[in-house]
Amino acid sequence: MLLFYATHDGQAARIARRIADRLANHGIAVAPRNLAEKFPVLDDLAAARFVILVAAVRYGRHLPEADRFLAAYRAHPAPAPLVFVSVNLTARKPGKDSASGNRYLQKAIARHRLSPILATAVAGRLDYPRYGWLDRQIIRLIMKLTGGPTDPRSTVEFTQWDRVDEIARRIAALCASAP
């Protein structure tokens, strides 16, 4: 099994590590790999039993390294089954944590013509103090438009870690049922 992540502020990396830890509890060893540090060898995608991608969204799009990965994955003639976990603040709202309810996930799946065996979205973390001035203002505007927190001194953990644990359980169940 291969587990890749694309992160901007570190939350997707934390989620990928949590999934790896929970999979280890099921006897499945997998090391999270940062797509920004090293792009995978494409033949590894076919040799793996499953490929998991945990990808952050920034300003309405998955990060470029995730997009590049999905394009390479789709171009491979026989890739392993894909589990796609999108990390975005839209997923903080009820109904926006599924492939059918999350537009970022829908757009990525449609754009790359994917058929993941599991596609879901997880809310990220809002950490205004860590952002530069311009990012902070843009994110505050987005939050104002979507009814989210706008206090530039606040940090809000929207990630539901029990949900991340459930995703790992679902991945473990897929592994157990695979031939």
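Q: Which residues is Val-51 in contact with, leaving aside its neighbours within four places in sequence?
A: In this predicted model, Val-51 is in contact with Leu-2, Phe-4, Leu-45, Phe-69, Ala-80, Pro-81, Leu-82 and Val-83, once its neighbours within four places in sequence are left aside.

Q: And which residues of the largest nonpolar core touch the most other members?
A: That core has 59 residues, and those touching the most other members are Ile-19, Val-51, Leu-53, Val-54, Phe-69, Phe-84 and Ile-171. As a general background, nonpolar side chains in soluble globular proteins tend to be buried together.

Q: How many residues does helix 6 have, and what does it reach from first C-alpha to last?
A: Helix 6 has 17 residues and spans 25 Å between its first and last C-alpha, which is close to the 24 Å expected at 1.5 Å a residue.

Q: Why does Asp-165 count as buried?
A: Its relative accessibility is 13%, and Asp-165 counts as buried because the cut-off for that class is under 20% relative accessible area.

Q: What sort of pair does Arg-18 form with Asp-165?
A: Arg-18 and Asp-165 form a salt bridge in which the closest N and O atoms are 2.7 Å apart. This pair links distant parts of the chain, with Arg-18 in helix 1 (residues 11-25) and Asp-165 in helix 6, 147 residues apart. Arg-18 itself counts as partly exposed, at 22% relative accessibility.

Q: What about Arg-22 and Asp-165, how do their side chains meet?
A: They also meet in a salt bridge, at 3.1 Å from N to O. Here too distant parts of the chain are linked, Arg-22 being in helix 1 and Asp-165 in helix 6, 143 residues apart. With a relative accessible area of 27%, Arg-22 is partly exposed.

Q: How many salt bridges does the count come to?
A: The count comes to 12 salt bridges. Another of the pairs is Asp-67 with Arg-111, whose side chains meet at 2.3 Å from N to O. That pair again links distant parts of the chain, since Asp-67 is in helix 3 (residues 64-75) and Arg-111 in helix 4, 44 residues apart.

Q: Are Asp-67 and Arg-111 buried or partly exposed?
A: Asp-67 is buried, with a relative accessible area of 18%, whereas Arg-111 counts as partly exposed at 46% relative accessibility. Elsewhere, salt bridges that share partners join Arg-14, Arg-125, Asp-127 and Glu-157 into one network.

Q: Switching to the strands: in which sense do strand 5 and strand 6 pair?
A: Strand 5 (residues 82-87) and strand 6 pair in the parallel sense over five bridges, and Val-83 has Leu-118 as its bridge partner in strand 6. Between the two strands the chain crosses through helix 4 (residues 103-112), and this β-α-β crossover is right-handed.

Q: Which way do the residues of strand 6 point?
A: Leu-118, Thr-120 and Val-122 point one way, while Ala-119 and Ala-121 point the other way, and all are buried. Strand 6, residues 118-122, is accordingly described as mostly covered, with five of its five residues buried.

Q: Now the loops: where is Leu-114, and what does it touch?
A: Leu-114 sits in the loop between helix 4 and strand 6, and counts as buried at 9% relative accessibility. Not counting residues up to four places away in sequence, Leu-114 touches Leu-70, Tyr-73, Arg-74, Leu-82, Phe-84, Ala-108 and Ile-109.

Q: And Pro-94, is that buried or exposed?
A: Pro-94 is exposed, with a relative accessible area of 79%, and its place is in the loop between strand 5 and helix 4. The C-alpha atoms of Pro-94 and Cys-175 are separated by 28 Å, the two residues being 81 apart along the chain.

Terms used
Residues are numbered from 1 along each chain as its sequence is written. This is a predicted model: local features need pLDDT of at least 70, side-chain atom pairs count only at pLDDT 80 or more; totals for chains, interfaces and linings use all residues. Side-chain values use heavy atoms; hydrogens and water are left out. Buried means under 20% relative accessible area, exposed over 50%, partly exposed in between (1.4 Å probe, protein chains only). Helices (H or I, at least four residues) and strands (E, at least two) are DSSP runs, numbered from the N terminus. Two strands pair if DSSP finds at least two bridges between them. A crossover is right-handed if, with the strands pointing away from the viewer, the path from the first strand over the helix to the second runs clockwise. A salt bridge is a side-chain nitrogen of Lys or Arg within 4 Å of a carboxyl oxygen of Asp or Glu. The expected span of a helix is 1.5 Å times one less than its number of residues. A nonpolar core is a set of buried Ala, Val, Leu, Ile, Met, Phe, Trp, Tyr and Cys residues joined through side-chain atoms within 4.5 Å. Contact means heavy atoms within 4.5 Å.
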